[in-house]
Amino acid sequence: MQIEEKVVVVTGGGHGIGAAMCRQFAAEGADRVIVSDINEDAAAAVAEEIGGIANTCDVSSERDVQALVQQTIQQCGRIDILCSNAGITTKGGIETPDDDWQWLWDVNVMSRVYAARAVIPHMLNRGSGCIVHTASGAGLLTEIGSAAYSVTKHADVAFAEWLAVRYGREGIEVSCVCPLGVATDFLDHDDPIHQFLHATSVLPEDVAHCVIDGIRGQRFMILPHPEVEEFFAWKTQDYDKWISGMQRMRQKLTRAKKKKKAA
Ligand SMILES: NC(=O)c1ccc[n+]([C@@H]2O[C@H](COP(=O)([O-])OP(=O)(O)OC[C@H]3O[C@@H](n4cnc5c(N)ncnc54)[C@H](O)[C@@H]3O)[C@@H](O)[C@H]2O)c1
């Protein structure tokens, strides 16, 4: 799908990757960019900068997501591209409290379901549309420091795959963005696992360029870090060997974390 003259909605558009995507959609000639975020001020600032429309929405609330879609259709006449980008993380493994699991499930996964449920009937009526999920490399591989993030990002990828298979022949293009580290507030510079991600991180603007190219090229899988394709191939070629490699990496990073704590 081309970007020019399109009406584009981006959730989590107030900061980081979402803000960079909003700026890039505007620069590429989108007709309207709806900058949606739970943080009203952040959405307003980005919208003002690019001449877009600010919207306040908590993507974990189906009512909010329905309102975002309905208001945009009323105001702009249509939605061509909807980017389910807002996402959160938390650290930890089996000790992660149930409330945190639920929070990540709602923001990283159910938000995508609510968005698809709200916008797909409209896109089917028009015979075209594009849905973009900002998932993560953690959804194809794993995030050593966070069980809940790894699981919910796998689910994010799985739902994007399902949408592509179900609606791809009915005019709806689906893309799934799976970066490794991206230099945003998301990364905690004091944590060796995140430092490792930061070492190979790209800028949010790089991700935004890849997203635009991917949408134009009608690509399902958008990989701002091309090495993810290689890592994923290793995983699927020899799962056990991949697990061993990840165990070694976890040991190395955990030792670095303990050393840092002791210092
Ligand atoms: N930064 C990374 O290293 C990285 C890597 C891979 C994938 N991702 C994914 O990219 C997406 C964006 O992350 P980012 O790095 O730009 O993070 P960020 O923290 O810089 O920005 C996230 C934005 O989402 C908003 N948000 C949070 N909860 C929300 C909610 N319930 N409803 C609506 N908006 C909400 C925040 O206010 C913020 O503006 C996420 O889905 C994340 O999982 C990030």
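Keep in mind as you click along that the model is predicted.

**Stop 1: a loop residue**

Select Glu28, which sits in the loop that links H1 to strand E2 (32-37). Glu28 has 18 C-beta neighbours inside 10 Å, so it counts as partly exposed. Now show what Glu28 touches: leaving aside residues up to four places away in sequence, you will find Ile3, Glu4 and Ile212. For a sense of scale, draw a distance from the C-alpha atom of Glu28 to that of Ala164; the two residues are 136 apart along the chain, and the separation is 25 Å.

**Stop 2**

**Stop 3: two packed helices**

Two packed helices are described by the angle between their axes and by the distance between those axes. Select helix H4 (residues 98-126) together with helix H5 (residues 147-167): their axes are 8 Å apart and the packing angle is about 15°. Angles under 35 degrees count as roughly parallel, and H4 and H5 are therefore roughly parallel to each other. Their crossing is right-handed. To see the contact, show side chains on both helices: on H4 the residues include Trp101, Leu104, Trp105 and Arg112, and on H5 they include Tyr149, Lys153, Phe159 and Leu163. The contact of H4 with H5 divides into 13 nonpolar, 2 polar and 4 charged residues.

**Stop 4: two positive phi angles**

Finish with a pair of backbone details. Select Glu5, in the segment before strand E1 (7-11). Although Glu5 is not a glycine, its phi is positive, at about 65°. Glu5 has 10 other C-beta atoms within 10 Å and is therefore exposed.

Then jump to Gln218, in the loop between helix H7 (204-216) and strand E7 (221-222). Gln218 is not a glycine, yet it has a positive phi of about 50°. With 12 other C-beta atoms within 10 Å, Gln218 is exposed.

Methods
Residues numbered from 1 in each chain as written. Predicted model: local features only at pLDDT ≥ 70, side-chain atom pairs only at ≥ 80, totals over all residues. Axes fitted to C-alpha atoms, helices over the stretch in contact; angles between N-to-C directions. Helix = DSSP H or I, 4+ residues; strand = E, 2+ residues; numbered from the N terminus. Parallel < 35°, antiparallel > 145°, perpendicular 65-115°, else oblique. Left-handed = near helix turned anticlockwise from the far one by under 90°. Contact = placed C-beta atoms within 7 Å. Nonpolar A, V, L, I, M, F, W, Y, C, P; charged D, E, K, R; others polar. Buried ≥ 20, exposed ≤ 12 C-beta atoms within 10 Å, placed from the backbone.
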